[in-house]
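Dear colleague,

Please find below the structure for your review, followed by an account of what was found in it.

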Amino acid sequence: MSQAPLDSSSPRASCMDLWREKNDRLVRQTKVTQDSDLLLRQQQLAQDALQGFRELLHSLQGLPAAISALPLELTVICNFITLKASHTQGFTEDQDQDIQHGLERVLEAQKQLGPRLECGLRELWDSVLHASSLLPELLPALHHLAGLQAALWLSTDHLGDLALLLQSLNGSQSGASEDLLLLLKTWSPPAEESDAPLTLQDARGLRDVLLTASALRQGLQELITGSLPRALSSLQEAASGLCSWPVLVQVYTALATCLRKMGSPQRALLYLVAALKGGSVWGPPLLEASRLYQQLGDTAAELKSLELLVDALSVTQNSEAPQLLIEVELLLPRPDPASPLYCGTQSQAKHLLASRCLQTGRAEDAAEHYLDLLALLLDGLEPRFSPLPCPPGPCMPEVFLEAAVALIQANRAQDALTVCEELLSRTSSLLPKMPWLWEDARNVAKEPINCPLWVSATYLLQGQAWVKLGDQKQAVSEYSRCLELLFRATPEDKEQGAASNSDQRCRPDAALQQLRLAALISRGLVWVASGQDTKALQDFLLSVQMCPGNRDASFHLLQTLRRLDRRNEATAFWWRLEAQTKLPPEDATWSLPLYLETCLNWIHPPDRETLLEEFRTSLLEPSDL
């Protein structure tokens with residue numbers, strides 16, 4: 001048979017029967033392989049089937065293209081691409097080339113293949129669909145191949161090409177809608193004949209997968225951009241589509257995020273419960289649950305969700321044998337930090353848990369979580385610390401600073417000093433020499449722009465630790481070192497960089513000013529505690545000059561003037577303060593790192609407003625009556 005001339009119809013027909021039989025056998029073999037419980041066994045069987053389809057395709061394409069053989073040839077191409085993409089869990093340029101070769105074979109069979117060196121796949125599809133419109137026997141296989149092209153373009157974000165292809169498949173003009181969901185719903189692939197070659201996944205099954213994946217992708221994008229009603233509609237469309245359980249968990253999590261942002265926390269909670277009811281632990285719904293409970297003010301439930309998230313991310317997920325088909329998961333992008341499906345790493349979740357404990361006054365818990373986090377990071381298990389997106393976390397030195405703050409809050413001052421010493425050993429070498437400018441610092445390391453702040457803040461925290469340990473002399477020394485460095489640091493451009501990775505809106509000059517304020521008042525309070533009000537007065541005066549509207553600085557200055565019996569100066573200052581409070585407040589568009597916010601809370605008297613009112617009464621009483 002192999003020696004028969006190529007124009008002999010009988011041998012060719014016999015070959016087609018054998019090749020058709022081989023295709024069907026490989027399809028049945030692959031579908032049986034899907035039921036295998038052993039991952040390695042399934043991978044080996046799938047690899048064998050893939051090699052079989054590859055050899056079969058080479059045999060078919062070794063002959064001149066013919067209309068009668070194209071349905072089988074295109075079906076084999078589709079089966080080969082489907083199995084390869086599912087086996088490798090992704091699309092590659094090879095699949096693009098396989099599709100292009102198949103399209104060129106269609107045009108070759110119709111004697112319409114001219115020079116196409118400059119012709120892209122999009123134009124090639126137009127030519128093929130136009131040339132084959134009168135060949136109904138080719139349409140099922142062509143629509144099947146188009147479904148794979150659509151899957152490839154969707155997974156690689158070629159959405160414009162995808163919309164044009166769907167318009168062509170639907171017979172639409174170029175001015176038709178570009179809404180992918182509408183185009184996919186309109187697309188109706190021809191039904192395959194009962195005697196057609198077997199396929200691993202037909203065009204209609206692909207269409208359903210594409211519809212679900214497109215709805216989810218579109219809903220996530222609309223959620224990120226803030227188009228909440230449209231996002232809700234798209235995500236509900238995805239939830240009603242062809243979803244495996246892992247995909248449904250993602251959809252429910254995104255729906256919960258959308259509803260929470262729309263002000264429907266109870267409906268959001270129902271979706272999160274549904275996402276978690278399967279028994280498996282999933283990171284994204286746990287992270288979203290913590291955000292939801294934070295919004296509801298249920299701190300205990302929020303922290304419990306974060307603890308479960310840390311546990312979930314510490315467990316290595318078992319690899320499940322993938323279905324040997326094009327599935328929704330294959331067409332979804334990896335979640336980026338802006339996505340509600342991004343839950344980060346164990347260290348990121350641990351930091352979020354620790355920082356929320358610190359913010360909510362659970363100092364002992366915060367201290368333990370920060371120490372666990374530092375151990376995790378310093379052991380090298382996660383050498384690069386990148387923050388969670390909502391809220392974003394800090395860079396490594398700020399983790400040390402937050403840990404020291406938590407330890408001080410938890411009355412573990414000696415441990416805080418140990419953390420500070422470790423941080424100084426890692427950052428002091430990065431400091432540039434005089435003159436100490438931000439521009440000089442920027443050239444030292446990847447993120448040395450904050451190095452003056454980190455080192456100065458470390459001295460501030462060491463001073464506070466010594467206060468806790470009762471050593472006022474050592475505390476004053478540390479505060480003075482902090483101030484000496486801070487007054488040498490001069491940011492050249494107020495808009496350069498951010499003082500913290502935790503919030504890009506934080507300006508370095510704002511953080512510098514607030515850190516100076518905290519150090520001056522902290523040192524002044526030590527002077528007060530040691531009975532040296534005159535020295536304290538100097539620090540409080542300087543803090544008021546730097547931040548004229550700061551209520552804490554004003555309070556400490558007034559209190560010191562009062563103790564020193566400098567009534568006239570206190571009265572004059574009071575009137576200036578009263579005039580300032582009547583001015584409209586400045587719109588602060590920046591925020592501060594968590595460690596600095598906590599330091600500022602330490603200098604904030606709990607009964608400040610009451611005492612200021614007492615000043616109003618006592619200072620303004622006529623002294624001559």
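In this predicted model, the axes of helix H14 (residues 299–314) and helix H15 (residues 346–359) come within 8 Å of each other and cross at roughly 160°. Axes are lines fitted to C-alpha atoms, for helices over the stretch in contact, with angles from 0 to 180 degrees between N-to-C directions; helices are DSSP runs (H or I, at least four residues), numbered from the N terminus. H14 is therefore roughly antiparallel to H15 (an angle over 145 degrees). Residues making the contact (heavy atoms within 4.5 Å) include Leu303, Leu306 and Val310 of H14 and Ala349, Leu353 and Arg356 of H15. The contact residues comprise nine nonpolar, two polar and four charged (Ala, Val, Leu, Ile, Met, Phe, Trp, Tyr, Cys and Pro count as nonpolar, Asp, Glu, Lys and Arg as charged, the others, Gly among them, as polar).

The structure holds 20 salt bridges (a side-chain nitrogen of Lys or Arg within 4 Å of a carboxyl oxygen of Asp or Glu). One of them joins Arg217 and Asp157, at 2.1 Å from N to O. Arg217 belongs to helix H9 and Asp157 to the loop between helices H6 and H7, so this pair ties together parts 60 residues apart in sequence.

The mean pLDDT (the predictor's confidence in each residue, from 0 to 100) is 83 for the chain. Values stay under 50 over residues 1–8 and are below 50 over residues 433–448. Where pLDDT is low, the predicted coordinates should not be read in detail.

Residues are numbered from 1 along each chain as its sequence is written, and side-chain values use heavy atoms, with hydrogens and water left out. Local features need pLDDT of at least 70 and side-chain atom pairs count only at pLDDT 80 or more, whereas totals for chains, interfaces and linings use all residues.

How values were computed. Helices (H or I, at least four residues) and strands (E, at least two) are DSSP runs, numbered from the N terminus. Angles under 35 degrees count as roughly parallel, over 145 as roughly antiparallel, 65 to 115 as roughly perpendicular and the rest as oblique.
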